[in-house]
Structures are given as structure tokens and as C-alpha cells.
Amino acid sequence: MTIAVTGTSGHLGRLVVESLLARGAAPADVVALARSTDKVADLAERGVVVRDADYDRPETLAPALDGVEVLVLVSGSAVGQRVRQHGAVIDAAKGAGVRRVVYTSAPHADTSPLILAPEHKATEELLAASGLTTTILRNGWYTENYLPDVERARETGEIVASVGEGRVASASRADYAEAAAVVALAEDGAHDDAVHELTGDVAWDFDELARTAAEVLGRPVTYRRVSPEEHLEILRGAGLDEATAGFVVALDGNTRDGLLAETTGDLARLIGRPTTPLAEGLRQGLAA
């Protein structure tokens, strides 16, 4: 079975390829799709098939998917462009005869007010309309999303946020990548047209994030609660443009409202082990 993975020059896509190989996929049966193939040249040296595939160059997509049976579609990073980009990949997959698409979506994408959900909901709708067999992985938050906060805390001794008492059930990118590999490799149909809500095992709050950052950094760190209005001014003062600052504050509002706090246990069940604890995830991320 030939499995292709998009975005392999990025963090998650690369980890999905590594997980496929670690779980026994033959390198020649794994296709690493990337817009910067030079960044995955080492995978080619290990026998993985490397092909040029750029979401923004649709003409590259059909040739890249030739002979592919299962496609892991790692969602793009360009907010506001993803529906168009994903649509191009889905069209190419259908034309190339791909049997199943595994898509990395967002928590409860079809119903959630999460600021990132609409593009994922629209992509899920495109997949449903395509007639392709799908597996939807609604990935929760990555622990690595908080590495910039921890790095700032190394200098400032504090983590500043407007999340209030909100909690986050994060897991490491490697955990989510392993789940994608598990379902991509499944040949028994168990994950055909399935939707998995994936989360970390433990929902932590920002006081715990600060305590964990202190443990990892070896220095005192506190969590400073600010209002959304104060947070917006702080971000503007740090040089963020209005749109980016507003986006960050909106995400904190989503966290404050509990949209990232659910713990389903589905991720641990898929990968056959507990999800990576917060402290370990942060240590690994800082060391990378």
C-alpha cells in the first residue's frame, strides 16, 4: 500500500513520515510530498519517495499523487488560504484514484466556535462532497504551540495571557503524527469514514504551564493574568500587527471559554500509550 503525506518539509508532515517508517512501512511505499524537496532530501536517501507538491501550484499535485492509495492531507498553515489549497489537493486526489484521505482537522470543526474551525469545517465538507473515503483526525492543541511563551519566560520570568482559568488538553506533535500513521496504515477498513476527536490525556491550566516552565527552565516563572483589552495592547506594543494581535487574543478567548479543555482519550487509544506529558513535550520542543 502506497501512502503519501503532504507538507513533509514542515513539522507535522515530517513526523508522520517518521511514524510510518517506525511502524513498519517500507520506505519505497511512503511518498513524501513537499514544496521544498531539498528539505527532505535525507528521506530520499533512506529510500522514501520524494515528490514536489505545492498547494499553491495545482499542476504539481496530480503527478505527485500518481499511484497513491492513501493520502495524509496535513492541513496547510496559511490561514485564510486553506480551503482553496485543500480543495486543490482533494480534486487532484480524486482524479488520481486515491482510495482514502486522512485529514488533520480541528476540534469539533463542524460545530465549534473556535476561530480556526471554519476553514477545517469547509475542508471536511469538500471531502464529504468528493465521494472519497476519509478519516478525519480532529487534532487538539500541540504542546509545541506554547514554546514561544516558554522561551519568553526564560528572559521575563512570566507567561502573560488572557486565558483566565481556561485549560488546554495538549499533546505533542509526535503523538498526533503517530495517530495519523496508525490510521493511514490500517487496511481493515476500521477507520474508513471515521471521525476521531484527538486530545491529550490531561487538561492543564496556565498556572500549571508556568510551574512546568519553571521546572524545565530552572528558574521561577509565574502566570500573569490580563484582560483581553490589556493583552491586545501588550501585543501591539510588542510590534504585532492588528490582525495578528487580534487573532492571538481571540485564541486566548477560545481557551478561556473551554474549547480546548476536552479530554477524549481517543489519541491515547489510537497510539496505544499515554500522550506525552506537558513537561516532556516542552523539554523535547526546546531541545529540537
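The protein chain contains 12 helices and 11 strands. Helices (H or I, at least four residues) and strands (E, at least two) are DSSP runs, numbered from the N terminus. This is a predicted model, in which local features need pLDDT of at least 70 and side-chain atom pairs count only at pLDDT 80 or more, while totals for chains, interfaces and linings use all residues. Residues are numbered from 1 along each chain as its sequence is written, and side-chain values use heavy atoms, with hydrogens and water left out.

## Overall form

The C-alpha trace of the protein chain spans about 55 × 35 × 35 Å along its principal axes. The radius of gyration of the protein chain is 19 Å, which agrees with the value near 19 Å for a compact globule of 288 residues. This radius is taken over C-alpha atoms, and the globule rule is 2.2 Å times the number of residues to the power 0.38.

Of the 288 residues, 53% count as buried. Buried means under 20% relative accessible area, exposed means over 50%, and partly exposed is in between (1.4 Å probe, protein chains only). The accessible areas come from the Shrake-Rupley method.

## Salt bridges

Side chains of opposite charge can pair when their charged atoms come close. The structure holds 25 salt bridges, each defined as a side-chain nitrogen of Lys or Arg within 4 Å of a carboxyl oxygen of Asp or Glu.

| Salt bridge | N to O distance |
|---|---|
| Arg46 and Glu18 | 2.9 Å |
| Asp56 and Arg84 | 3.1 Å |
| Arg283 and Glu215 | 2.9 Å |

Take the pair of Arg46 and Glu18, whose closest N and O atoms are 2.9 Å apart. Arg46 counts as partly exposed because its relative accessibility is 41%. Glu18 is also partly exposed, at 25%.

In the next pair, the side chains of Asp56 and Arg84 meet in a salt bridge of 3.1 Å, N to O. Asp56 is in the loop between strand 3 and helix 3 (61-64) and Arg84 is in helix 4 (residues 82-96), so this pair links distant parts of the chain, 28 residues apart. Asp56 has 39% relative accessibility and counts as partly exposed; Arg84, at 47%, counts as partly exposed too.

The salt bridge between Arg283 and Glu215 has its closest N and O atoms 2.9 Å apart. This pair links distant parts of the chain: Arg283 belongs to helix 12 (residues 278-287) and Glu215 to helix 8 (residues 206-217), 68 residues apart. Arg283 is partly exposed at 40% relative accessibility, and Glu215 is partly exposed with a relative accessible area of 49%.

Salt bridges that share partners also join Arg14, Glu18, Asp42 and Arg46 into one network.

## A negative patch

Which residues form a negative surface patch? They are Asp29, Glu69, Glu187 and Asp188. Patches are made of residues with over 30% relative accessible area and no salt bridge; like charges are joined within 9 Å, and nonpolar side chains (Val, Leu, Ile, Met, Phe, Trp, Tyr) within 5 Å. Asp29 lies in the loop between helix 1 (11-22) and strand 2 (30-34).

## Residues with positive phi

Most residues other than glycine have a negative phi. His108 is not a glycine, yet it has a positive phi of about 45°. His108 is placed in the loop between strand 5 (100-105) and helix 5 (117-130), and at 29% relative accessibility His108 counts as partly exposed.

Asp193, another residue other than glycine, has a positive phi near 55°. The loop between helix 7 (173-185) and strand 9 (194-198) holds Asp193. Is Asp193 buried or exposed? Asp193 is exposed, with a relative accessible area of 53%.

## Distances along the chain and in space

Asp192 lies in the loop between helix 7 and strand 9 and is partly exposed, with a relative accessible area of 29%. Asp192 and Thr135 are 57 residues apart along the chain, and their C-alpha atoms are separated by 5.8 Å.

Leu116 is in the loop between strand 5 and helix 5 and is buried, with a relative accessible area of 16%. Leu116 and Arg225 are 109 residues apart in sequence and 23 Å apart in space, C-alpha to C-alpha.

Technical notes: Accessible areas come from the Shrake-Rupley method with a 1.4 Å probe; for residues, only the protein chains shown count as cover. Lys and Arg count as positive and Asp and Glu as negative; His and the chain ends are not counted. The place of a charge is taken as NZ of Lys, CZ of Arg, CG of Asp or CD of Glu.
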